[in-house]
Amino acid sequence: MAIVQEIEAIRAGIKAGRFPNEASVSQGIVLRLLNALGWPAYDTDAVWPEYALGGRRVDFALCSPPSKPIAFIEVKQIGQSDGAERQLFEYAFHIGVPMAILTDGREWNFFLPARAR
């Protein structure tokens, strides 16, 4: 399915209330879009779920090459992403990940931390 079709199906799902919690947003929206964009969504060396960061976890680390994060994705329940930017940005900044993404499935915020290595 083309990315445009995936987005339309996700929009319809959001409107119908099919993504009531963070887990459903992760599985039904984030992983679906990553797969449509060519990321091997079920290869945990490439799309690492629950990536550990000093006692905390970010929902997904996109890795290229395998096991080397180039982006973090933090997922929240629809309408619940306010205030999560700072924590995500700090995670990415401190370990030098060049991109941080915060999403509730409906809204997507992309950050480019300055300290990428």
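Modeller: This is a predicted model. Begin with the open sheet, which has five strands in the order β1-β2-β3-β4-β5 and mixed pairing.

Biologist: What makes β1 and β5 edge strands?

Modeller: Each of them, β1 (47-53) and β5 (108-111), pairs on one side only.

Biologist: How do you know that β1 and β2 pair?

Modeller: Pairing needs at least two bridges. Strands β1 and β2 (residues 56-63) have six, in the antiparallel sense, so they pair. Ala 52 stands opposite Arg 57 in β2.

Biologist: What packs on the sheet?

Modeller: Helix α2 (residues 22-36) does, touching β1, β2, β3 (69-75), β4 (99-103) and β5.

Biologist: Why is the pair of Trp 48 and Tyr 51 called edge-to-face?

Modeller: The ring centres of Trp 48 and Tyr 51 are 5.1 Å apart, and rings pair if their centres lie within 6.5 Å. Their planes stand at 80 degrees; over 60 counts as edge-to-face, so the name applies.

Biologist: Why is the pair of Tyr 51 and Phe 72 called tilted?

Modeller: The planes of Tyr 51 and Phe 72 are at 40 degrees, with centres 5.6 Å apart. Under 30 would be stacked and over 60 edge-to-face, so this pair is tilted. Tyr 51 lies in strand β1 and Phe 72 in strand β3, 21 residues apart.

Biologist: Why is Tyr 51 called buried, and why is Trp 48 called partly exposed?

Modeller: Buried means under 20% relative accessible area, and exposed means over 50%. Tyr 51 has 14%, so Tyr 51 is buried. Trp 48 has 31%, so Trp 48 is partly exposed.

How values were computed. Residues are numbered from 1 along each chain as its sequence is written. This is a predicted model: local features need pLDDT of at least 70, side-chain atom pairs count only at pLDDT 80 or more; totals for chains, interfaces and linings use all residues. Side-chain values use heavy atoms; hydrogens and water are left out. Helices (H or I, at least four residues) and strands (E, at least two) are DSSP runs, numbered from the N terminus. Contact means heavy atoms within 4.5 Å. Axes are lines fitted to C-alpha atoms, for helices over the stretch in contact, and angles run from 0 to 180 degrees between N-to-C directions. Rings of Phe, Tyr and Trp (its six-membered ring) pair if their centres lie within 6.5 Å; planes under 30 degrees apart count as stacked, over 60 as edge-to-face and the rest as tilted. Buried means under 20% relative accessible area, exposed over 50%, partly exposed in between (1.4 Å probe, protein chains only).
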